[in-house]
Amino acid sequence: MATFSKLLIEKGVTKNTHGQKIVENFKKMFSVENIFEIENYEDIFQSFYKPYLEKRNNLNIFLAQKKGQLLKETPDAYGGGKIKRYYFIHAYNCIYECNYCYLQGFFKSPDIVLFINHEEILNEMEKIIKQYSPTKDNPIWFHAGEFSDSLALSHLTQELPLYFNFFKSHPHAYLELRTKSSNISELLKLAPLDNVVTSFSLSPKQQILANDFRTPTLAARLSAMNSLKQKGFPLGLHLDPVIYSPQLKEEYTQLCREITDHLPLCYFNYISIGVVRFTKEVYEKVKEHYPSASFLNQDLMTKSFDNKYRAIMPLRKHILNTVYQSCLENGAKKESIYFCMEEESTPSY
Ligand code: SF4
């Protein structure tokens with residue numbers, strides 16, 4: 001678990017019942033001299049540059065109200081199929097430190113901001129649901145975890161019951177909780193819903209050790225997934241980002257076998273496969289912060305169709321196909337697999 005240097009609480013936060021509860025939970029972690037009341041988190045967060053790697057030993061946490069847009073439409077190829085999808089913003093930044101994480105080039109600070117206005121997020125979702133009138137065959141999806149991990153701090157933020165209550169009465173709207181965490185204690189207190197899918201990002205254990213710093217081990221994530229499956233929670237799987245290694249086939253065959261030792265690949269509602277990718281800004285930051293990362297080999301990365309840096313095409317096809325085949329060979333349903341953030345979202349070979 002990360003340790004935090006300071007807790008900065010926006011004045012309005014405790015006016016909200018949920019905000020009061022979160023503040024109490026967080027206050028237990030801090031001594032009084034490390035807690036500050038502030039007017040507006042934006043006066044501090046992002047108003048000056050804080051080096052990303054300070055997250056290792058000087059990480060602050062803000063409790064704040066999100067102003068402005070709470071939901072945004074996802075880019076094309078974010079998920080499988082031609083479905084209306086939105087992500088919602090409940091937090092900025094993350095306690096983990098994956099060396100490919102795009103957050104290092106996105107914000108000017110690694111400090112964590114937790115937004116407490118979940119009721120407003122749900123009101124926005126309600127409006128969108130009314131606008132689209134989703135049906136069984138034409139559902140709508142809302143994704144958490146675009147700017148943070150969905151479960152890592154959920155025992156402190158305790159918003160999950162609000163979302164479960166909401167989605168229980170909107171069966172054709174789906175919620176995805178994306179995570180690399182094994183912190184499922186809050187989920188296990190709830191009754192599973194078919195339309196709330198917890199999706200885990202997994203990589204072979206060698207790649208987790210090399211790239212996913214401070215994240216739960218593969219064994220811990222698999223054990224968490226198994227516990228959720230035992231209770232009937234629907235699950236998704238993200239084999240994303242796949243990082244090329246000469247042992248790619250062996251690594252992913254092994255990973256698929258380790259997953260199937262805990263739960264069959266056909267259990268997952270969907271499996272996404274995606275290669276590591278960066279915008280130019282993030283690519284520069286990754287080179288600065290993690291110069292020896294294996295995926296930075298200049299010969300193998302190039303600007304691709306959406307101006308993001310990815311592996312050159314023949315290699316990319318090889319990576320995607322190899323992982324796809326490993327999934328199929330180990331029992332995944334063909335129709336459950338899609339390629340994430342690629343020109344072709346389904347395998348064309
Ligand atoms: S878990 Fe996700 S959000 Fe957190 S550091 Fe890793 S890639 Fe970034």
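Where is the place of serine 133?

1. Serine 133 sits in the loop between helix 2 (118-132) and strand 9 (140-144); helices here are DSSP runs of H or I with at least four residues, strands are E runs of at least two, both numbered from the N terminus. A quick caveat: this is a predicted model, where local features need pLDDT of at least 70 and side-chain atom pairs count only at pLDDT 80 or more, while totals for chains, interfaces and linings use all residues. Residue numbers start from 1 along each chain as its sequence is written.

2. Back to serine 133: its phi is near 40 degrees, a positive value in a residue other than glycine. Serine 133 is exposed, because 9 other C-beta atoms lie within 10 Å (exposed means 12 or fewer, buried 20 or more, partly exposed in between, with C-beta atoms placed from the backbone).

3. Glutamine 46 also deserves a look: its phi is positive, about 75 degrees, and it is not a glycine. You'll find glutamine 46 in the loop between strand 2 (35-38) and strand 3 (61-64). Glutamine 46 counts as partly exposed because it has 15 C-beta neighbours inside 10 Å.

4. Then there's the peptide bond between aspartate 240 and proline 241, which is cis, with omega about 5 degrees. Proline 241 belongs to strand 13 (residues 235-242). For context, most residues other than glycine have a negative phi, and most peptide bonds are trans.

5. Histidine 172 is in the loop between helix 4 (160-168) and strand 10 (173-179). Leaving aside neighbours within four places in sequence, histidine 172 is in contact with Pro134, Thr135, Lys136 and Pro139 (contact means C-beta atoms, placed from the backbone, within 7 Å). The C-alpha atoms of histidine 172 and threonine 135 are separated by 5.4 Å, though the two are 37 residues apart along the chain.

6. On helix packing, helix 7 (residues 218-230) and helix 8 (residues 248-262) pack at about 35 degrees, axes 9 Å apart; axes are lines fitted to C-alpha atoms over the stretch in contact, and angles run from 0 to 180 degrees between N-to-C directions. Leu218, Leu222, Met225 and Asn226 in helix 7 meet Glu258, Ile259 and His262 in helix 8.

7. Finally, the largest nonpolar core has 83 residues, and those with the most contacts inside it are Phe62, Val113, Leu114, Ile271, Ile273 and Val323. Such a core is a set of buried Ala, Val, Leu, Ile, Met, Phe, Trp, Tyr and Cys residues joined through C-beta atoms within 7 Å. Helix 10 (residues 313-329) gives the largest share of this core, five residues.

Key
Contact = placed C-beta atoms within 7 Å.
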